[in-house]
Amino acid sequence: MSTVVIADIVGSRRLSDRAAAQIALEETIARVEGEQPFAERALTPTVGDELQGVYPDLTAALKALLLLQLALPDGLECRFGIGLGDIEPLPSTADELTDGPGWWAARAAIERVHALQQRAAPSARTWVDVAEGADNDDARSRVAFANAYLLARDQLVGAMSERTRRLVYGRCIGRTQRALAEAEGITQSAVSQALAGAGAGAILEGFAILTDGSRP
């Protein structure tokens, strides 16, 4: 069973400079993947504001998408639909063209995120769905736990300032508070206060669990 992701830009039609946003997004993806290469095939533009990527498992996708959310600049946000299910190559002159239930699940997941944003959870940015035929009790349980975690995670990340997101990103990839303070031109105490005030401890602990704990 594969783990695939469909992403799109939130409010892309309202962006004042759509071309600049696309460049910034692709540069951010490349930087994050260069520092923490979790993907089998990194998120790649397909058509319009959509991107697609493939990951070795759900854990890798959850970690990679968190880092991308943290690394994006203010004014540029993405939605992510994670699909669990089989994919298969299609005969094509294009490289690595695939289709299958995993992609259909990812499409359903991103549509669910969009619906949540309109109603119960405006801060929702990420959702997981499992393809029919792969949705046994164990898979459904993993997906339910992941989605409950993602709703809380997205709420916290969405409320952070761009600087705080940079600080949390740095801590996730192992940078010290002292190094972050020097990079930002602030005191180490200010870094600590910013992280604590934004609830970053929960994000960092969750990332550590995904990294060191049992893999979903």
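Tutor: Happy to! One cut-off first, for use further on: a disulfide is a pair of cysteine sulfur atoms within 2.5 Å. Please keep in mind that this is a predicted model.

Let's look closely at helix α4, which runs over residues 137-158 and has 22 residues. From first C-alpha to last, α4 reaches 31 Å, close to the 32 Å expected at 1.5 Å a residue. At its start, a side-chain oxygen of asparagine 136 comes to within 3.2 Å of the backbone nitrogen of aspartate 138.

Now for the inward side. Buried in α4 are Ala139, Val143, Ala146, Asn147, Leu150, Arg153, Asp154 and Val157. Viewed down the helix axis, these buried residues of α4 fall within an arc of 140°, so they line one face of the helix. On the other side of α4, Asp137 and Phe145 are exposed. The cover over the buried residues of α4 includes helices α2 (58-71), α5 (162-172) and α8 (200-212), together with strands β4 (78-85) and β7 (126-130).

Two of those covering elements lead us to the cysteines. Take α5 to begin with. Its buried residues are Thr164, Arg165, Leu167, Val168, Tyr169, Gly170 and Cys172. They pack against α4, and also against α1 (18-35), α2, α6 (177-184), α7 (188-197) and α8. After α5 comes glycine 174, with a positive phi near 100°.

The other element is β4, a strand that spans 78-85. Cysteine 78 is buried, with a relative accessible area of 3%. Cysteine 172 is buried as well, at 12%. Accordingly, cysteine 172 is in no disulfide, and the structure holds zero disulfides.

Cysteine 78 also has a part in one more set of contacts, around aspartate 8. This aspartate lies in strand β1 (residues 2-9). Aspartate 8 is buried, with a relative accessible area of 14%. Leaving aside neighbours within four places in sequence, aspartate 8 is in contact with Cys78, as well as with Asp49, Glu50, Glu77, Arg79 and Ile110.

Definitions and conventions:
Residues are numbered from 1 along each chain as its sequence is written. This is a predicted model: local features need pLDDT of at least 70, side-chain atom pairs count only at pLDDT 80 or more; totals for chains, interfaces and linings use all residues. Side-chain values use heavy atoms; hydrogens and water are left out. Helices (H or I, at least four residues) and strands (E, at least two) are DSSP runs, numbered from the N terminus. The expected span of a helix is 1.5 Å times one less than its number of residues. Buried means under 20% relative accessible area, exposed over 50%, partly exposed in between (1.4 Å probe, protein chains only). The arc is that of the directions from the helix axis to the C-beta atoms. Contact means heavy atoms within 4.5 Å. A polar contact is a pair of N or O atoms within 3.5 Å; within protein, one must be able to donate a hydrogen and the other to accept it, and residues adjacent in sequence count only if both atoms are side-chain atoms.
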